[in-house]
Amino acid sequence: MQSFQKLLESYDYKFPPELIAQAPVSPRDAAKLLVYDRTTGQTSHDIYRNILKHLPKNSVLVLNQTKVVPARLEVIKPSGGKARILYISSEKEYLIFLSDRKLEPGSLVKMSSVTPKGKAIAFTVFKKSDQFYYLKPSFPVKKVYEVLNEYGQTPLPPYIKSPRLKGKKLLKEYNTVFAKTLGSVAAPTASLHFTPALLNKIQKAGIQIVYTTLHVNLGTFAPLHEDQWKKQRLHEEWYEISNAAAKTLNSAKKSGSTIIAVGTTVVRTLESASNPAGKLTKLSGNTHLFITERTKLRFVDSLLTNFHVPRSSLLMLVSSLIGRKRLLELYKMAIRKKYRLFSFGDGMYIK
């Protein structure tokens, strides 16, 4: 069996740092689009605004309507030092955070912000488990999204160094135009390229658009660990497909329509929900699905996706459609043509 280190090296590639997009293009649908046709082996180059001419007439576009939470807070430790904490999830009366500074169990950390009633927002550090801190908040756990929306900051990926916008404007820019269900710490970036006008144009052309939900968590940025590879289990993410959406998608799949996943999060959602016969049956839950080059996709036919960081599980997922070697060849081509990379970057359509 291939060693884990050699596996990672086989998904590595070099790129000029200046190709890392620090902001999206404006308008959103002006982003470049590399189109690869698996049937003919042909590659072409376009922009998202013209995507309609590349989509099969009998197809369904599946989007992730998750909404990014401004999940990062700045707190003050008893020593007076500051820490930046990132909300991950909740468990009973505790909120689970990551912190860029050590927090002492039993200590009280406070925010400089106060509620309208003049009370400081505070957290009691209960325990640390692995890299996660369990904090008991001074407000009801069920109000965590209210607090984050009011006082939190947008948790951008570490490779975006100097965003041009701040606060609410940045949060809007880092969300899709159809974002609806709060719960992600990162955007489903392949969908950032769509505008209301482009979506309307696609629907008017007779292509169905269906919305699902998968809440992206920090695992999307985390390095792949050997234990994950051995167990073939990734980080968990919660997903949901409504009964109506599942009915539409199952009917479309049965009739031979092309199911186009917009983003790796949608691939993970649809493949987690489908049974061996290729029918969506498990419509919600936590998924730890690890999709690799050896995976035969049950439900997804085509993929719209951004360019992903080297050595990542996301690259491995994309390789399930075209294989690792061909994928890296397309990346080399995109880099030669100066495609912008990663979250705010350009995209690829694998037909």
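Contact means heavy atoms within 4.5 Å. Helices (H or I, at least four residues) and strands (E, at least two) are DSSP runs, numbered from the N terminus. This is a predicted model, in which local features need pLDDT of at least 70 and side-chain atom pairs count only at pLDDT 80 or more, while totals for chains, interfaces and linings use all residues. Residues are numbered from 1 along each chain as its sequence is written, and side-chain values use heavy atoms, with hydrogens and water left out.

**The sheet**
- Nine strands make an open sheet with mixed pairing, in the order β2-β1-β17-β16-β14-β3-β12-β13-β15. Two strands pair if DSSP finds at least two bridges between them.
- β2 (43–47) and β15 (284–287) are the edge strands; each has a single partner strand, so one side of each lacks a neighbour in the sheet.
- On average, neighbouring strands of this sheet are turned by 25° against each other, direction ignored.
- β13 (residues 237–240) pairs with β15 in the antiparallel sense, over four bridges. Glu 237 has Thr 287 in β15 as its bridge partner.

**The helices across it**
- Angles run from 0 to 180 degrees between N-to-C directions, with axes fitted as lines to C-alpha atoms, for helices over the stretch in contact.
- α8 (residues 313–322) lies across β1 (32–36), β16 and β17 (347–350). Helix α8 runs at about 145° to β16.
- α7 (residues 264–273) lies across β3, β12, β13, β14, β15 and β16. Helix α7 runs at about 85° to β12.

**Thr 258**
- Thr 258 sits in strand β14.
- Thr 258 counts as buried because its relative accessibility is 18%. Buried means under 20% relative accessible area, exposed over 50%, partly exposed in between (1.4 Å probe, protein chains only).
- Beyond its neighbours within four places in sequence, Thr 258 contacts Pro 56, Asn 58, Ser 59, Val 60, Asp 301 and Ser 302.
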